[in-house]
Amino acid sequence: MSKLSRAVVRMPLALLLAIAVAVSLGGCGSSSNGSTQPVEVSTGAGAETGEEGPDEKSEEAAETEKNRELLSELEAKRREEAAEEQAKKTEKAALAKAKKREEKADKEAKKHEAEADAKLKQREAAAKAKEAKEAKEREEAKKREAQQKQEAERKKIEAERAATTQTVPQQQVTTAPSETG
């Protein structure tokens, strides 16, 4: 509580107390001749001023007590309102903080999702590249195999031609000595 608000609360209380003391002293107070002699308060039943004095004091005490109660109620109400206001501020701050955390979590989730998508695309691209490479290697293997078959076929044909050309002269050579002999 600030000094100013304490002063504002205590001022009326001090004023009420001063008024109550002044009234109580004024009612029991001075005589008409202006002497400063103390006045005795009698508690006897016959004195008229004695009966009014305690009634006034009890009324003033009751009024002072009532004023104190009102003042405490006002102060309690002000404290309660301040507490409610502080609670609202705290709640608002908590909601703002929670909202920021939620937004941050959303951003992180989107970031992770984007990274996962990028990795997936990268894997798919790598798989397609690998598949294309394998297809190319298979195609090259088929071409080599076809060339090897053609080469083998050509060599077979050449070998057959060579074998037929070599067998024909041997037959002529082998027949010739038998004719002579």
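This is a dialogue on how to read several features of a predicted model.

Visitor: How many of the residues of the chain, as a percentage, count as buried?

Guide: Of the 181 residues in the chain, 4% count as buried. The chain exposes about 16,200 Å², and carbon and sulfur atoms supply 56% of that area.

Visitor: Is Thr 64 buried or exposed?

Guide: The general idea is that a residue counts as buried when its relative accessible area is under 20%. Thr 64, which is found in helix H2, has a relative accessibility of 14% and therefore counts as buried. As for its surroundings, a polar atom of the Thr 64 side chain lies 2.7 Å from the backbone oxygen of Glu 60.

Visitor: Turning to charged pairs, how many salt bridges does the count come to?

Guide: The idea is to look for a side-chain nitrogen of Lys or Arg within 4 Å of a carboxyl oxygen of Asp or Glu, and by this rule the count comes to five salt bridges. One of these joins the side chains of Arg 79 and Glu 75, with an N to O distance of 2.4 Å. Both residues, Arg 79 and Glu 75, lie in helix H2 and are four residues apart, which is about one turn of the helix. Arg 79 has a relative accessibility of 49%, so this residue counts as partly exposed.

Visitor: With which residue does Arg 154 form a salt bridge in which the closest N and O atoms are 2.0 Å apart?

Guide: The partner at that distance is Glu 151. Arg 154 and Glu 151 are separated by about one helical turn because they are three residues apart in helix H2. Arg 154, at 40% relative accessibility, counts as partly exposed, and Glu 151 is partly exposed as well, with a relative accessible area of 31%.

Visitor: Which residue meets Arg 154 in a salt bridge of 2.9 Å, N to O?

Guide: That residue is Glu 158, whose side chain meets the side chain of Arg 154. Because Glu 158 and Arg 154 are four residues apart in helix H2, about one helical turn separates them. Glu 158 has a relative accessible area of 42% and is partly exposed. Through salt bridges that share partners, Glu 151, Arg 154 and Glu 158 are joined into one network.

Visitor: Which residues gather in a patch of negative charge on the surface?

Guide: The patch of negative charge on the surface gathers Glu 131, Glu 134, Glu 137, Glu 139 and Glu 140. To take one member, Glu 139 has its place in helix H2, and since its relative accessibility is 44%, Glu 139 counts as partly exposed.

Visitor: Which residues form a nonpolar patch on the surface?

Guide: Leu 15, Ile 19 and Val 23 form a nonpolar patch on the surface, and together these residues have about 270 Å² of accessible area. Leu 15 lies in helix H1. A residue counts as exposed when its relative accessible area is over 50%, and Leu 15, with a relative accessible area of 53%, is therefore exposed.

How values were computed: Residues are numbered from 1 along each chain as its sequence is written. This is a predicted model: local features need pLDDT of at least 70, side-chain atom pairs count only at pLDDT 80 or more; totals for chains, interfaces and linings use all residues. Side-chain values use heavy atoms; hydrogens and water are left out. Patches are made of residues with over 30% relative accessible area and no salt bridge: like charges are joined within 9 Å, nonpolar side chains (Val, Leu, Ile, Met, Phe, Trp, Tyr) within 5 Å. Accessible areas come from the Shrake-Rupley method with a 1.4 Å probe; for residues, only the protein chains shown count as cover. Lys and Arg count as positive and Asp and Glu as negative; His and the chain ends are not counted. The place of a charge is taken as NZ of Lys, CZ of Arg, CG of Asp or CD of Glu. Helices (H or I, at least four residues) and strands (E, at least two) are DSSP runs, numbered from the N terminus. Buried means under 20% relative accessible area, exposed over 50%, partly exposed in between (1.4 Å probe, protein chains only). A polar contact is a pair of N or O atoms within 3.5 Å; within protein, one must be able to donate a hydrogen and the other to accept it, and residues adjacent in sequence count only if both atoms are side-chain atoms.
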